[in-house]
Amino acid sequence: MTGLVIRSFDSADETRPFGDGKGRLDLLETAGGPVGRAVFEPGWRWSEHIKPLAGTDSCQEAHTGYVVSGRIKIVMDDGESAEAGPGDFIRVAPGHDAWVVGDEPCVAVDWTGYGDYAKPPSA
């Protein structure tokens, strides 16, 4: 095992496109588990662009991450909501919808919730 690992999301192990060309997830497989960088394009909304892949009424992934750029609105199933932007740490429990706010892509890095994100359930 090496003591230093440096990898680029630009050379991800896997890239998963979002519906309607509204972004993508770049996934790195690491010794500590998957780490992802999502690029959510303006107009992206979980309930429109990921829900058909997930097959659930709301996002059931728990997220722990960091917003690099852009803004995202997150609304929990119980109505609690917040907006996150550049430099914000986010921790989001399962059971939420989210969408891009404004006309700039939202880029977020997540180290807990992207392993199965935007991945159709296995048959």
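**Exercise 1. Determine how accessible Arg-24 is, and find which salt-bridge network includes Arg-24.**

Solution. Arg-24 has a relative accessibility of 29% and counts as partly exposed, where buried means under 20% relative accessible area, exposed means over 50%, and partly exposed lies in between (1.4 Å probe, protein chains only). The model is a predicted one, in which local features need pLDDT of at least 70 and side-chain atom pairs count only at pLDDT 80 or more, while totals for chains, interfaces and linings use all residues. Residues are numbered from 1 along each chain as its sequence is written, and side-chain values use heavy atoms, with hydrogens and water left out.

The next step is to follow the contacts of Arg-24. Arg-24 forms a salt bridge with Asp-26, with 3.0 Å between the closest N and O atoms; a salt bridge here is a side-chain nitrogen of Lys or Arg within 4 Å of a carboxyl oxygen of Asp or Glu. Asp-26 is buried at 2% relative accessibility, and the side chain of Asp-26 also meets that of Arg-37 in a salt bridge of 2.8 Å, N to O. Because Arg-37 lies in strand S3 and Asp-26 in strand S2, this pair ties together parts that are 11 residues apart in sequence. The strands are DSSP runs (E, at least two residues), numbered from the N terminus.

Arg-37, which is buried at 16% relative accessibility, also forms a salt bridge with Asp-10 at 3.0 Å, N to O. Asp-10 lies in the segment before S1 and Arg-37 in strand S3, so the pair ties together parts that are 27 residues apart in sequence. Asp-10 itself counts as exposed, at 63% relative accessibility.

**Exercise 2. Locate the two residues Asp-20 and Ala-118, which have positive phi values, and decide whether each is buried or exposed.**

Solution. Most residues other than glycine have a negative phi, and most peptide bonds are trans. Asp-20, however, has a phi near 60°; Asp-20 is placed in the loop between strand S1 (14–17) and S2, and counts as exposed at 68% relative accessibility. Ala-118 likewise has a phi near 60°, but its place is in the segment after S9, and Ala-118 counts as buried at 10% relative accessibility.

Key:
Helix = DSSP H or I, 4+ residues; strand = E, 2+ residues; numbered from the N terminus.
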